[in-house]
Amino acid sequence: MPLIVKDYTWTQTESMVYLRVPLKGATAEHVDILSTDEYLKVHFPPFLLEAFLFEAVDEAKSTAKIGNGVAVISLPKKIHRLWDHLVLSINDKQTKKEIRERALQAHMEKTADGRKEKAVKKQQEKKYALETMMKLEQEERDLIQKMKDEEREKATAELEGWKKRQIQTAVEKPPINLTNRDKVQTLHQASRGCSVNPGPTSSRAGSRKEQVDLPAPRSSGTIQIKFTPRVFPTALRESRVPEEEEWLRKQAEARRAGNTELAAELKDLSDEERNPDWLKDKGDKYFATGNYQGAVNAYNLAIRLNSKIPAFYSNRAACHLKLRNLHKALDDTSKALDLLTPPVADNALARARAHVRRGTAFCELELYTEGLQDYSAALKIDPQNKVLQADAHRIRQIIQGCITGPEN
């Protein structure tokens, strides 16, 4: 039941109403202000101020400032005249309920419109950024194409200049004086399509090339590879066989253990309903369908029947988180971690899950340092988990004061 705030003060002019509400030590992030044209609510747990305004105000121009332990709310009047009272004298609960529901509906519609407008604006900004990026990329491609064209024209001009110089050099070169015998021999070879006699050296080289005898390609085959089996896959100094054997022994003892006295009390139930494993499966199904209290009841009975199974406590902690029973979630996760010993590979996933749930409960209680310790322990077990890395990074930012606490 909230405590009604009565020590507020208000002043007015013909066009404005000013309301000062003492916050009694509450910080700005814990103050919730809802204002419409006929209704005003200021909520900072456990205190509540609810005002059914005397006349209509301009909701769009209303403002609220919080500082020095006081909330100052400015409400522009729609009709410029002095009010006799700040609030209406309404004793009918049904009328108050209708005004309150209209105010809440108007606030929800305004919030939805704001989200839609924000989404449209964000989409437009993305579209503008994309168009700008495409324009810049097109300009860069045009610039590269222009540079290529200039280089191509430059290379073509240089090639044409080189050709002209070669032609000019050939024209200026003096003619070669050949004897009549050389002219006749050259013309005769040109008419037969033969070149000048290469001499005896070239003939010997050609005969050697014809005499080379290359070997045939080798035939294909399959090579069999066998590895020597390793008798000891893990070094003895790194072996956790004793811990694993102890964990298996504890699990076997936990399965054999049972509350025989309670089983006698529950003799009216069937054998299936007195089976802790069946109760755990029932609780898991309740949790999956959103019936968190039903799941808690199933886990409670399973723990009464067998209090040595860590999964019962860990799963019940998840239900308490959903129901906002944060201290109960801390107790259950701590109990689960006590039972999940010694730490071995078989219970690594369960330990990581329990650390995350306890860290979540700490963060919901704004004990971020303790929550970060549990998230760090979970990351040591599963260091490649991207979600855990992101959550741990966010908690560090909250501790360092970079951002405020989580909304959810």
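Helix α11 (residues 368-381) packs on helix α12 (residues 386-400) at about 155°, with the axes 10 Å apart. That angle makes α11 roughly antiparallel to α12, a label for angles over 145 degrees. This is a predicted model: local features need pLDDT of at least 70, side-chain atom pairs count only at pLDDT 80 or more, and totals for chains, interfaces and linings use all residues. Residues are numbered from 1 along each chain as its sequence is written, and side-chain values use heavy atoms, without hydrogens or water.

**Helix pair**
- The α11/α12 crossing is left-handed.
- From α11, Tyr368, Thr369, Leu372, Tyr375, Ser376, Ala378 and Leu379 take part in the contact (heavy atoms within 4.5 Å).
- From α12, the partners are Leu388, Gln389, Asp391, Ala392, Ile395, Arg396, Ile398 and Ile399.
- By class, this contact has ten nonpolar, three polar and two charged residues.

**Helix α11**
- The 14 residues of α11 should span 20 Å at 1.5 Å a residue, and the end C-alpha atoms agree, at 20 Å apart. The expected span is 1.5 Å times one less than the number of residues.
- Buried residues (under 20% relative accessible area, 1.4 Å probe, protein chains only) in α11 are Tyr368, Gly371, Leu372, Asp374, Tyr375, Ala377, Ala378 and Leu379.
- These buried residues pack against α10 (348-364) and α12.

**Serine 35**
- Serine 35 sits in strand β4 (residues 32-35).
- Serine 35 counts as buried because its relative accessibility is 19%.
- Leaving aside neighbours within four places in sequence, serine 35 contacts Leu40, Glu59, Ser62 and Leu75.

Note on methods
Axes are lines fitted to C-alpha atoms, for helices over the stretch in contact, and angles run from 0 to 180 degrees between N-to-C directions. Helices (H or I, at least four residues) and strands (E, at least two) are DSSP runs, numbered from the N terminus. Angles under 35 degrees count as roughly parallel, over 145 as roughly antiparallel, 65 to 115 as roughly perpendicular and the rest as oblique. A crossing is left-handed if the near helix is turned anticlockwise from the far one by less than a right angle, and right-handed if clockwise. Ala, Val, Leu, Ile, Met, Phe, Trp, Tyr, Cys and Pro count as nonpolar, Asp, Glu, Lys and Arg as charged, and the others, Gly among them, as polar. Buried means under 20% relative accessible area, exposed over 50%, partly exposed in between (1.4 Å probe, protein chains only).
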